[in-house]
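Have a look at the sequence and the model first, then try each task before reading its solution.

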Amino acid sequence: MVRDRLLPRTPTPTRARRSDWGTHAALILAALLISAPLLLALIKATQPSSAVLSPSLLPGGAFLSNLERVWVDAHLGRSMLNSLIVAVTVTTGKTILALLAALAFVYFRFPFKGTAFALVLVSLMLPTEVLIVALFDLVSRDLNWADSFAAIIVPFLASATGTFLFRQHFLNIPASLADAARIDGCGPLRYLTRILIPMSWNTIGALAVIQFVYAWDQYLWPLVIMQRDDHQVVQVGLRKLIEVGGQTDWGAVMAGAVITMLPPLIVFTALQEQFSRGFALSEDK
Amino acid sequence: MLSVRQKGNAGGREDRAVFRGAALPWLFLLPSLLILAVFIYLPTLRTLRLAGYRANLILGTEQWVGLGNITDLLGSATYRQVALQTLVFTLLSVTGGLLLSLGLAWLASRPVRGSRAYRLLLIYPYALSPAIAGTLWLFLFNPEIGVVNQLLGELVGVRPRWLDTPLLAFALVTVAAIWKGLAYNIVFYLASIRNLPTDVMEASQIDWATPAQVFWRVAFPLLSPVTFFLVFTNIVAALFDSFALTDLLTRGGPYVGHAGITTFLVYQLYQDGFVNFRTGAAAAQGALMLALVAFVTFMQFRLGERRVHYGA
């Protein structure tokens, strides 16, 4: 199912060969264009300050010294750590809460189930950005959480997407399995941890990638709620790097931007198989 | 997500009562429902309430104006321009982004040598955040020191003022948004192209259809569920993720007419709420955007139901 189907196949060898050249050319051009901004940033991140503002496109050896200036002086290291704490906590929390919610929706019959499911789904239509004024008021004044990690973690722990995906996945698992487990005296939580979770790694992995990238990319909410620099996340930290006042140290900023890309890239690379399988599965007939 | 595909099996198998217990399911749901209630539904109600007040959160003042904020917004030349700009930006970035990513995903699914490497090269920018995209493009397109103008100046002798010329700035933000979203769209198209029914595809090839016919007559309609899903997520991304991009790249500028040309709805909301402290006006914008999102979702379900099934 994940294996290539070699589509679309071209009918005749001659036609295939000619159009293969076109395919290669188009794909190489596209890959170059898409990567160009990143390649340029990478090159500039390695050049010493004197060369960064020149047209030179030769990589230099100053990456570490560029990085050092933002890592320590501009607290990039600190804000990377903050982002990591937030993204890992949010991803883990969302996964656990969504698994529990899906367990309730699939394996229990209870009053107002439809209403509860609708409440979860409708939240997809209510993005934080739109509610931000009231959310700011609530979190900073009523809860007094401004400047704390709780403010950028707790509001994002519930996941409608996750609940929905896990529910679909559980529905594809034969009901007889759960019946057998129950007859053997297995409770719902044990069924979840011993049977459902081991059967759901692809979905969990696919979801983890999405949630991690989503949490890592958060920008507007931390920008307004977090005034303490030592608790700020790295995306907003980038803004502070540029804004230092006077001359922006672009070589250092590019080094910082490149490093900021790494954690989601690592998560994505590590979970790539699960990611494509998780979606392939849920798209299966 | 992926609801379009799943509609079929939601009906009959849904109601399983494997485990017993009246309190247990609610216990499992409690954490999710509690967080949604406090951080989504309560702020929604408060947004709607605040939208009726002329309020300033910092000063703590509130004065009931009813629909005054909404009518002010609808009558405001600035807000109307911002809404129009958002519409144009959304249309361009969603259509451009989807066509481009579908084309690239199709090419990368062809059985050419190295197609796996091509696929990886196309999807790794998924790790890009809107803020990083904004930071990179701000440097690359800086009129004086940016690499792009250094190269253009040397090769062609022109140095466009990318960020101060309204049309250029608007185009730049649109292209940056398309670029940022490509990988995400390509991931979904690649997965769906892989899952195209082999028998249908093979039949169309045996019938000597040209590659263009196979694409437009067979594959494109079969891919319409994922296209549908992506249209929706891309509209949402254009409305909301564009904030970090424009905040870093253009700061909503340059100014044309009544507003900055790259000031979109969320940016305007942020400006009014957290820079000008016009809390009521910002909440009213939130309420209008809620209506907009509700409308987009409604259309997705309406059109989705009609367009998405075939050949079952």
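Domain bounds here come from an automatic or database domain assignment. The model is predicted: local features need pLDDT of at least 70, side-chain atom pairs count only at pLDDT 80 or more, and totals for chains, interfaces and linings use all residues. Residues are numbered from 1 along each chain as its sequence is written, with chains lettered from A and ligands numbered from 1 in the order in which they are written.

**Exercise 1.** Find the domains of chain A and describe how they touch.

Step 1: chain A splits into domain 1 (13–64) and domain 2 (67–283).

Step 2: their C-alpha centres are 32 Å apart.

Step 3: count the contact (C-beta atoms, placed from the backbone, within 7 Å). Domain 1 of chain A gives eleven residues and domain 2 of chain A gives nine.

**Exercise 2.** Work out how helices α11(A) and α14(A) are arranged.

Step 1: helices are DSSP runs (H or I, at least four residues), numbered from the N terminus. Pick out α11 (residues 201–217) and α14 (residues 250–270) of chain A, whose axes come within 10 Å and cross at roughly 175 degrees.

Step 2: axes are lines fitted to C-alpha atoms over the stretch in contact, with angles from 0 to 180 degrees between N-to-C directions. Angles over 145 degrees count as roughly antiparallel, so α11(A) and α14(A) are roughly antiparallel.

Step 3: the touching residues include W216(A) of α11(A) and F268(A) of α14(A).

Methods
Helix = DSSP H or I, 4+ residues; strand = E, 2+ residues; numbered from the N terminus. Parallel < 35°, antiparallel > 145°, perpendicular 65-115°, else oblique. Contact = placed C-beta atoms within 7 Å.
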